[in-house]
Amino acid sequence: MTNQLGQLRYFIFIVVACFILIGPFLRQVLDVNNILFRQWTMFSQIGLGVHKINVKKSGDGQWHNLEIDAVVKAYRMIPADKPLSISHQDGLDRLMEELCVIYPNQLLQITAHRATLIGGWTLVADRQTIIC
Amino acid sequence: MSSYLARVNAWCFDYSGSTRSSAIIRIGLVFLIWARWAGELSFFQHLSLNYFLLSVSFFLSTTLMLVGYKTRISTLWVSATLFLMYFHFSYGLGVSGWNHHHTYLLAWMSFLSALTPAGKSYSVDRKLLVRESALSQSPMPPEYGNLWGLRLIMLQLCVLYFWAAFDKSYPLWVSGVRMEYYAVLFYFGSTFVEPWWFNPLMRGLALVVLVLEYVLAFGLFFKRFQSLLIPFGIAMHAAFFLLLPVHTYSLTCILMYLAVIEARKVHEFTE
């Protein structure tokens with residue numbers, strides 16, 4: 001009986017250890033798309049699509065930096081101690097619409113870099129002019 | 001070669017000792033599982049038969065696991081319930097948030113915990129055994145067992161570190177840019193104007209995490225490095241827990257360190 005238990009223990013150990021070792025290899029190296037195995041790619045998709053944004057306002061024939069953080073937070077009713085994170089193209093489009101509401105009849109210029117998986121911060125709006 | 005294999009064999013199967021660390025893992029796991037799901041699975045949250053049955057299974061099995069009654073069976077039951085949630089409810093029915101790595105880790109850790117003698121300490125099972133031995137005037141049952149299940153938990157922890165580090169082994173991580181994404185998303189916001197030290201700091205943090213994960217993946221197997229590496233590993237998870245929305249992931253990993261620390265030392269500490 002003890003011997004049988006010992007053999008069962010060996011068997012379970014080997015099977016479970018192989019599962020632990022091989023599962024991520026299948027998912028992360030061989031790209032096997034099977035949910036039975038778990039990949040350990042924590043946070044690998046987090047942050048993708050977020051933007052770094054700079055907005056300028058036209059005045060006196062020159063472009064001046066515009067501090068939009070507080071006004072957009074106020075417009076969206078986001079608490080001041082929360083970050084204003086603009087993600088993906090629709091987030092950027094929405095921001096541009098909101099800027100026109102906040103700054104009517106103004107000429108604005110926006111530069112935006114988007115967080116991408118391979119290319120790092122990728123320029124998606126290069127001094128793009130918004131006529132409000 | 002044969003002596004090396006004998007050592008691996010002994011490491012895997014000839015590890016016996018105090019069962020208290022297994023029991024603490026069991027109890028800690030239940031609290032983490034409740035922290036993650038108890039709110040979502042309260043009966044008023046979903047008024048349908050399948051969720052009602054799921055909630056009954058969840059609360060009954062986790063309670064039995066916590067108090068340690070029929071421990072091996074109740075722990076397996078918990079694991080089965082959590083995997084049902086992971087595969088069927090999340091991937092099958094589309095419940096969001098139940099298929100993350102931290103939820104898988106809780107389900108998988110419950111399964112691995114069922115392979116340890118977790119019911120031999122701090123449990124109703126032990127209380128019943130002690131009472132039985134007192135009645136029959138036989139010696140007190142020892143809190144002692146074969147701890148091969150703890151080896152699997154330790155293996156899982158190291159494999160997790162290796163593949164997490166492997167996933168980060170590419171230029172964008174090493175350059176600190178991926179770390180910048182997290183900083184912008186969670187802290188500074190999209191209008192952040194980077195000071196000169198921002199990228200060097202992010203690069204430094206990224207390198208520390210990458211190197212530490214690789215070192216932990218291999219170093220934890222060596223007893224002489226454990227006392228040095230364990231505090232670093234725990235500190236890294238504490239930092240993740242405090243700085244990023246990692247849910248129960250970090251605390252589960254910290255709990256897994258009980259499988260790395262020698263069972264004798266845990267017993268002495270709790271004595």
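**Exercise 1. Find how far apart the C-alpha centres of domain 1 and domain 2 of chain B lie, and work out which elements of domain 1 face domain 2.**

Step 1. In this predicted model, the C-alpha centres of domain 1 and domain 2 of chain B lie 27 Å apart. The domain assignment puts domain 1 of chain B at 18-146 and domain 2 at 158-271.

Step 2. Now look at the contact. On the domain 1 side of chain B there are 15 residues, and they meet 15 residues of domain 2 of chain B.

Step 3. Which elements give two or more of those domain 1 residues? They are α2 (20-37) and α5 (101-114) of chain B. The largest share, nine residues, comes from α2(B).

Step 4. Sort that domain 1 side by class and you get eight nonpolar, five polar and two charged residues.

**Exercise 2. Describe how α2(B) and α5(B) pack, and decide what to call their relative direction.**

Step 1. Begin with the general idea: two packed helices are described by the angle between their axes and the distance between the axes.

Step 2. Get those two values. For α2(B) and α5(B), the angle is about 150 degrees and the axes are 10 Å apart.

Step 3. Apply the cut-off. An angle over 145 degrees counts as roughly antiparallel, so α2(B) and α5(B) are roughly antiparallel to each other.

Step 4. Pick out the residues. From α2(B) come Ile25(B), Arg26(B), Leu29(B), Leu32(B), Ile33(B) and Arg36(B). From α5(B) come Thr103(B), Leu106(B), Met109(B), Ser110(B) and Ser113(B). By class, this helix contact has six nonpolar, three polar and two charged residues.

**Exercise 3. Work out the strand order of the four-stranded sheet in chain A, and say which strands stand at its edges.**

Step 1. Over in chain A, the domain assignment gives domain 1 (1-41) and domain 2 (51-131). Their C-alpha centres are separated by 49 Å.

Step 2. Trace the sheet. Reading across, its order is β2-β1-β3-β4 of chain A, the pairing is antiparallel, and the sheet is open.

Step 3. Find the edges. β2 (62-66) and β4 of chain A each have a single partner strand, so one side of each is left without a neighbour in the sheet. From one strand to the next, the twist averages 25 degrees.

Step 4. Check two of the pairings. β1(A) and β2(A) are joined by five bridges, and Lys57(A) sits opposite His64(A) of β2(A). β3 (residues 107-116) and β4 (residues 120-131) of chain A pair over nine bridges. One of the residues to look for is Leu107(A), whose bridge partner in β4(A) is Ile131(A). A hairpin of three residues takes you from β3(A) to β4(A).

Step 5. Place the helix. α3 (residues 88-102) of chain A packs on the sheet and touches β1, β3 and β4 of chain A. Its direction makes about 30 degrees with that of β4(A).

**Exercise 4. Find which element of chain A gives the most to the side that touches chain B.**

Step 1. Count the residues on each side: chain A brings 32 residues to the contact and chain B brings 31.

Step 2. List the elements of chain A that give two or more residues: α1 (2-28), β1 (51-59) and β4.

Step 3. Pick the top one. α1(A) gives the most, with 10 residues.

Step 4. Sort the chain A side by class: 21 nonpolar, seven polar and four charged residues.

Definitions and conventions: Residues are numbered from 1 along each chain as its sequence is written. Chains are lettered from A and ligands numbered from 1 in the order in which they are written. This is a predicted model: local features need pLDDT of at least 70, side-chain atom pairs count only at pLDDT 80 or more; totals for chains, interfaces and linings use all residues. Two strands pair if DSSP finds at least two bridges between them. Two residues are in contact if their C-beta atoms, placed from the backbone, lie within 7 Å. Ala, Val, Leu, Ile, Met, Phe, Trp, Tyr, Cys and Pro count as nonpolar, Asp, Glu, Lys and Arg as charged, and the others, Gly among them, as polar. Domain bounds come from an automatic or database domain assignment. Axes are lines fitted to C-alpha atoms, for helices over the stretch in contact, and angles run from 0 to 180 degrees between N-to-C directions. Angles under 35 degrees count as roughly parallel, over 145 as roughly antiparallel, 65 to 115 as roughly perpendicular and the rest as oblique.
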